Amino acid sequence: MSNAGTVRRTREMSKKYVRYKEGAELYSIGLTKFQALAKEAKSTIKIDNIVLVNCEKFEKFLETFSEY
């Protein structure tokens, strides 16, 4: 099995939206830092008292910090 197939399958299984706590765990960063980055990326959606982060927008924003 190729790496491309594994990545594609993992991406299909991943969620499009996550809450702050889950996103911080997913990206291995602190909760406060994740909240700040998600807001800066304009990837948050607030529904009543729940904030969801669009992972696709967030990942595109993170890629802007790439050094290579």
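**View 1. Surroundings of Val 53 in the predicted model.** Leaving aside residues up to four places away in sequence, Val 53 touches Lys 16, Tyr 17, Val 18, Tyr 20, Phe 34, Ala 38, Ser 43, Thr 44 and Phe 58 (contact: heavy atoms within 4.5 Å). The model is predicted: local features need pLDDT of at least 70, side-chain atom pairs count only at pLDDT 80 or more, and totals for chains, interfaces and linings use all residues. Residues are numbered from 1 along each chain as its sequence is written, and side-chain values use heavy atoms, with hydrogens and water left out.

**View 2. The largest nonpolar core.** This core has 13 residues (buried Ala, Val, Leu, Ile, Met, Phe, Trp, Tyr and Cys residues joined through side-chain atoms within 4.5 Å; buried means under 20% relative accessible area, exposed over 50%, with a 1.4 Å probe and protein chains only). Among the residues with the most contacts inside it are Tyr 20, Val 53 and Phe 58. At least two core residues come from each of α2, α3, β3 and α4 (DSSP runs numbered from the N terminus: helices, H or I, at least four residues; strands, E, at least two).

View 3. Cys 55, Phe 58 and Phe 61 of α4 (residues 55–63) are buried. They lie on the same side of α4 because they cover an arc of only 125° around the axis (taken from the directions from the helix axis to the C-beta atoms). On the other side, Lys 60 and Glu 63 are exposed. The buried residues of α4 pack against β1 (17–19), α2 (20–26), α3 (31–40) and β3 (50–54).

**View 4. The open sheet.** Three strands are arranged in the order β1-β3-β2 with antiparallel pairing (strands pair if DSSP finds at least two bridges between them). Ile 45 stands opposite Leu 52 in β3.
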